[in-house]
Amino acid sequence: MKGWLRPLENEKGSMSILSLFTVIGVVAGSVWMLYFFMGFIEKRQSQNIADAAALAASQELRDRYEDAMKDKVVRVSDAFKKDILELVEDLLKKAAEPSPSPSGEPGPSPAEPTPEPTPAPSPSPTLNPGQLKKDRKELFLKLATEAGVGRALAEKLYDGLDKDKDWLMVVTDEYFMNLDVDGFTPELNGSLLCDTYRQNSGMIKNAVSTIVQMNGGSLEEASITFPNEQEPRLFVKAGREMNITNISFKRNITSLAAGGLGSKKFDIDVSKCPQGKDTEISFP
């Protein structure tokens, strides 16, 4: 009986199979751990690239929008100043005209002797140029403030507006904020922002492309969208290629980041602008 059972006691083959499965399990676990670890790192780097790209894109759009707002401030304020100055000159001209003599005074009787001519009166002195300039400015300030413009802004407009320093005074002034046609209502501010995005899409795209490539990212699935969910936010999708050469594994990992375009100084309403895919900038 013992001789008959002896061949079954030989376990050399079973140990070899067990060792094989153990090695396979260790290798598979190592590959999975390597994939997980590399994926975590690449995802973090991909998010960093997307964040940097969104910051660059939003900064580019913000700079172009500020330039557009300054140009509009110059156009609107110059038109207002021109209209007020025309009123000022008309009022000063009317004030300088001589008053008409009262009618109905009896002339000299034909029978009476003609009186001897009296010396002509000397001409009245001309208006002092300094006083005229002062009167013109005060009248301008009076008319401007009556229209609703703040006193400080009215003085800036008369003396000469510095668009780089004073443009926010115009944008936030109550009179210019409430102009429906060419003013600075939230809807008009948002419309100008959306127009600026479309007109400068090439520059915004270049800003994103430069940042992504500088950080070793991938533009394969990159895109830019503005606005998003009716808010002045710019979304950038960018990625990074995950490449594990030991197992010939390649995958593009993408991340999404947002850049805000809102302002604490004035309101921007982009709810009436095209949304979503209609405004997307893609990378070929």
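Helix α4 is followed by Gly160, whose phi is positive, near 120°. The model is predicted, with local features needing pLDDT of at least 70 and side-chain atom pairs counting only at pLDDT 80 or more, while totals for chains, interfaces and linings use all residues. Residues are numbered from 1 along each chain as its sequence is written, and side-chain values use heavy atoms, with hydrogens and water left out.

Stay with α4, which spans residues 151-159. Its buried residues (under 20% relative accessible area with a 1.4 Å probe, protein chains only; exposed is over 50%, partly exposed in between) are Leu153, Ala154, Leu157 and Tyr158. These four lie on the same side of α4, because they cover an arc of only 140° around the axis. The arc is taken from the directions from the helix axis to the C-beta atoms. An α-helix has 3.6 residues a turn, so residues three or four places apart point the same way.

Now the whole chain. The protein has eight helices and four strands. Helices (H or I, at least four residues) and strands (E, at least two) are DSSP runs, numbered from the N terminus. From that end the order is α-α-α-α-α-α-α-α-β-β-β-β. Of the 284 residues, 31% are buried. Contact means heavy atoms within 4.5 Å. Among contacts between residues at least 6 apart in sequence, 71% join residues at least 24 apart. The accessible surface (Shrake-Rupley method, 1.4 Å probe) comes to about 18800 Å², and carbon and sulfur atoms hold 56% of that.

Next, the largest pocket. A pocket is an open set of points on a 1 Å grid over the protein atoms alone, where a 1.4 Å probe fits, with protein on both sides within 12 Å along at least five of seven lines; lining residues have an atom within 4 Å of a point. The largest one holds about 150 Å³ of space, a volume filled by probe spheres set on the points. Its lining includes Arg62, Tyr65, Glu66 and Met69, together with Trp167 and Leu168. Helices α2 (12-96) and α5 (163-171) each supply at least two lining residues. The most come from α2, with four. Also in the lining are Leu261, Gly262, Ser263, Lys265, Phe266 and Ile268. By type, the lining has seven nonpolar residues (Ala, Val, Leu, Ile, Met, Phe, Trp, Tyr, Cys and Pro count as such), two polar (the others, Gly among them) and three charged (Asp, Glu, Lys and Arg).

Finally, turn to Ser209 in helix α8 (residues 201-214). Ser209 counts as buried because its relative accessibility is 17%. Leaving aside neighbours within four places in sequence, Ser209 is in contact with Leu219 and Phe283.
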